[in-house]
Amino acid sequence: MTRLNTLLAALLAAVLALPALAGPDVLKMNDGRELEGTIVRELNGYVWLDMGVGNPLMFGPDDIAEIVRDSNTVAGADPVELGAAGEQAWVDDPSVTRAAIITAEGTVGIQMSAKPLREAIPMLKEQGVELVVFKVKSGGGLLIEIQRLSDVLHEEFKNEFTIVAWIEDAISAAAMTALTLEEIYFMPKGTFGGATAWSGNLSAVEGRGLEDVLFRMEKISARGNHAPQLIRGMQINTEVSYDYNPATGEYTYYDNLDGEHILNDGEYILTFNAQSAEEAGFSKGTAATLDDLTRLLQKSVGEIEWVGQTVAGEPYPISKAEEHQREWREEVTFQENRFGEIYNKYEMEIGNAQSVPLENRGGFIRAAERYLQRIKRMVEINPNFGLMR
């Protein structure tokens, strides 16, 4: 018995000597959410949180109310400042403008979202970027994301950088977003417009809802100093024309057919191509390649140095900010493809629980709870997933 007591005492001492199991780091957000995971990186107030689903997510200082650290990881216990002095790998030459391309692609509100754009700002600043080219290739998406995207571009990017748009395709919500920017360039086959608002099963918005969208788009158009007649002609069947004065270079737009040049006769929705956009003064020029765009931009900003790594098969250098946009799109596309499957499994387990006596529901309820937690993590990655069901 004495020997057993000795063994038990030794075992207890060994257990007590073990380090405490680390719990998760917790980000308490300003919107009331509490996100759990492991902090894997910190930089200038920005935090990367690994939540166990996909790639780590980055949150800005304006999003975070409090950080509760408990993971015992290097970044959690002793923040890693990867942007510390001495790591700058570029030379600040005032005679050269450092520029980077950020792509906005996919569905507005899913792949094309305000969140990764905001997260790109410290990455661009870290690499000394002064000029940002916002390259758009999107057929539209969720109206709810347009204001968020416009706010990030107008209130945050414009305060930090010179920013221009380069249009491959900007249709519907993507066009409404790009209107925020004053300086717009096209690719040779670029399209811009077709900004009719839809709801439900592809039903055009009418009545008060349409008036609200028209009003909001006029406000966003003003941010980019674009004539309100243009965006209105992209939204509804209305007449749009213009005059051009070659002596002054000025364009005058009309919401009727009084102008010499007709953009919309009221029978269709306006969509610019590269030629019509440039002729109407909406586009500053057409560029098929990065070299073409460089020549156009150098007229106003001088010599340009493109920031990023040269990657085989890519038409322009990939900056850290652009790499982040691509990772975001890959991650949300992966989660989007899984969302329907996970949601259906959740509903199936709820149905199974409802089909059996109360005392037999435990297993089904626990399975449903697991699927619900996965759904919550997906919505934390992109809140717009919550609109999909």
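Helix axes here are lines fitted to C-alpha atoms over the stretch in contact, and angles run from 0 to 180 degrees between N-to-C directions. I worked on a predicted model, in which local features need pLDDT of at least 70 and side-chain atom pairs count only at pLDDT 80 or more, while totals for chains, interfaces and linings use all residues. Residues are numbered from 1 along each chain as its sequence is written, and side-chain values use heavy atoms, with hydrogens and water left out.

**Entry 1: helices α3 and α4**

I took helices and strands as DSSP runs numbered from the N terminus, helices being H or I of at least four residues and strands E of at least two. I looked up α3 (residues 114-126) against α4 (residues 146-160). Their axes come within 9 Å and cross at roughly 10°. The two helices are therefore roughly parallel to each other; the classes are under 35 degrees for roughly parallel, over 145 for roughly antiparallel, 65 to 115 for roughly perpendicular, and oblique for the rest.

I then listed the contact, meaning heavy atoms within 4.5 Å. On α3 it is made by Ala 114, Leu 117, Arg 118, Ile 121, Leu 124 and Lys 125. On α4 it is made by Arg 148, Leu 149, Val 152, Leu 153, Glu 156, Phe 157 and Glu 160. By class I noted 8 nonpolar, no polar and 5 charged residues. Ala, Val, Leu, Ile, Met, Phe, Trp, Tyr, Cys and Pro count as nonpolar, Asp, Glu, Lys and Arg as charged, and the others, Gly among them, as polar.

**Entry 2: strand β6**

I checked burial of β6 (residues 97-105) and found 8 of its 9 residues buried, where buried means under 20% relative accessible area, exposed over 50% and partly exposed in between, with a 1.4 Å probe and protein chains only. For pairing, DSSP has to find at least two bridges between two strands. β6 runs parallel to β16 (residues 304-306), joined by 3 bridges; Arg 98 has Glu 305 of β16 as its bridge partner. With β7 (residues 131-138), β6 pairs in the parallel sense over 7 bridges, and there Ile 102 is partnered by Phe 134.

I followed the chain from β6 through α3 to β7 and recorded a right-handed β-α-β crossover: with the strands pointing away from the viewer, the path from the first strand over the helix to the second runs clockwise.

**Entry 3: positive phi**

I noted Ser 172, not a glycine, with a positive phi of about 55°. Ser 172 lies in the loop between β8 (162-171) and α5 (173-178) and counts as buried at 13% relative accessibility.

I also noted Asn 225, with phi near 60°, in the loop between α6 (207-223) and α7 (228-235). Asn 225 is exposed, at 63% relative accessible area.
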